[in-house]
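Visitor: I would like to learn how to read contacts, strand pairing and backbone angles in a model. Please take them one at a time.

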Amino acid sequence: MSFHLQPVPIATGSDDTESRLVFADGFLVAVLVRLSEDHGAEAGQWFLEAGFGRVDDPREHKFADLDEAQAWIQRRLDGH
Amino acid sequence: MALAPNHSTDMLIRKLDSIARLSDDERQAIERLPITVRPLVSGQDIVHEHDRSLQCCLLLDGWACRYQLLSEGKRQIFSFHIPGDIPDLQSLHLQVMDHSLCTLTPATVAFIPHAALRDLTAALPGIAATLWRDTLVDAAVFREWMTGMGRRSACEAIAHLFCELYVKLEAVGLAENHRYRLPVTQAELGDALGLSNVHVNRVLKELRDNKLITLHGGGLDILDWAKLSKLCGFDPTYLHLERQAA
């Protein structure tokens, strides 16, 4: 499976404006948002703003970096 | 002979009287209830899911919440409770708890034995009707929360909860001038409304930036009640209070 992360500004209505569209084999599967300084100790983490299909999850997911986020998305797509 | 004033029964009388006017006989019967008062620490379970309880608890001081634990340590909070509430009243007639109840702050709780409550309601149908009405209002609040979680945006849901808590606290004399103590963490707000901590954080900032609220030292000030209540479509009818916020 090939991943492509496309940087794009996002209008969350907050200072969280940096995001990545995550494509797997050309399909959009998730939107990750980098948490701004507004989030205190969690600033800099990547938040799963939206997931599609198997990546959709009502629980809150935050990742230390994009590699960790991508590995988690990969596991979800693999059905784990 | 008049009985000595008792803070715990006073609280129950005030609560029930806010639902329906109590007669002198009813007041005196409540004052005779055999109540055990206990101080509890913050975060202490009062009753657990699957417990078979022999008593109901009346919250005298502090806050509590009803909740259920899900897999992976997730929690759904069903309701917040303030002094005067009897959050586990259902245990009087439903033998097994289907959720848990815990304190959110240090609290003082009065335990009333089921047997005494059953005798009271059997002898005085007016009190039974008042307690029944309280559980119906409880159900109305749950319906409103369902609407909030299913159909309101994160911002509307939080605004609505802030309005609801103000009106409830104001009704029992624990808030005025659109200001109250809110001993609820962001994580607890999220657990109550099905929102991520990230969304709660963003919404609180948005409400502050728009000068609708301020939060400081565990207190909430609603700076613009008209605007905040309009934003979330707050209509206090479902609280069925005799006295309502202006």
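Guide: Two residues are in contact if their C-beta atoms, placed from the backbone, lie within 7 Å. This is a predicted model, in which local features need pLDDT of at least 70 and side-chain atom pairs count only at pLDDT 80 or more, while totals for chains, interfaces and linings use all residues. Residues are numbered from 1 along each chain as its sequence is written, and chains are lettered from A in the order in which they are written.

Visitor: How many residues does the contact take from chain B and from chain A?

Guide: Eight come from chain B and 10 from chain A. On the side of chain B that touches chain A, one residue is nonpolar (Ala, Val, Leu, Ile, Met, Phe, Trp, Tyr, Cys or Pro), four are charged (Asp, Glu, Lys or Arg) and three are polar (the others, Gly among them).

Visitor: Which way do β2(A) and β3(A) run?

Guide: Strands (E, at least two residues) are DSSP runs, numbered from the N terminus, and two of them pair if DSSP finds at least two bridges between them. β2(A) and β3(A) run antiparallel, joined by seven bridges. A:Phe23 has A:Leu28 in β3(A) as its bridge partner.

Visitor: What phi does A:Asp25 take in this hairpin?

Guide: The hairpin has two residues between the strands, and A:Asp25 has a positive phi near 50°.

Visitor: Why does A:Asp25 count as exposed?

Guide: A residue is exposed if 12 or fewer other C-beta atoms, placed from the backbone, lie within 10 Å of its own. A:Asp25 counts as exposed because it has 10 such neighbours.

Note on methods. A residue is buried if 20 or more other C-beta atoms lie within 10 Å of its own, exposed if 12 or fewer, and partly exposed in between; C-beta atoms are placed from the backbone. Helices (H or I, at least four residues) and strands (E, at least two) are DSSP runs, numbered from the N terminus.
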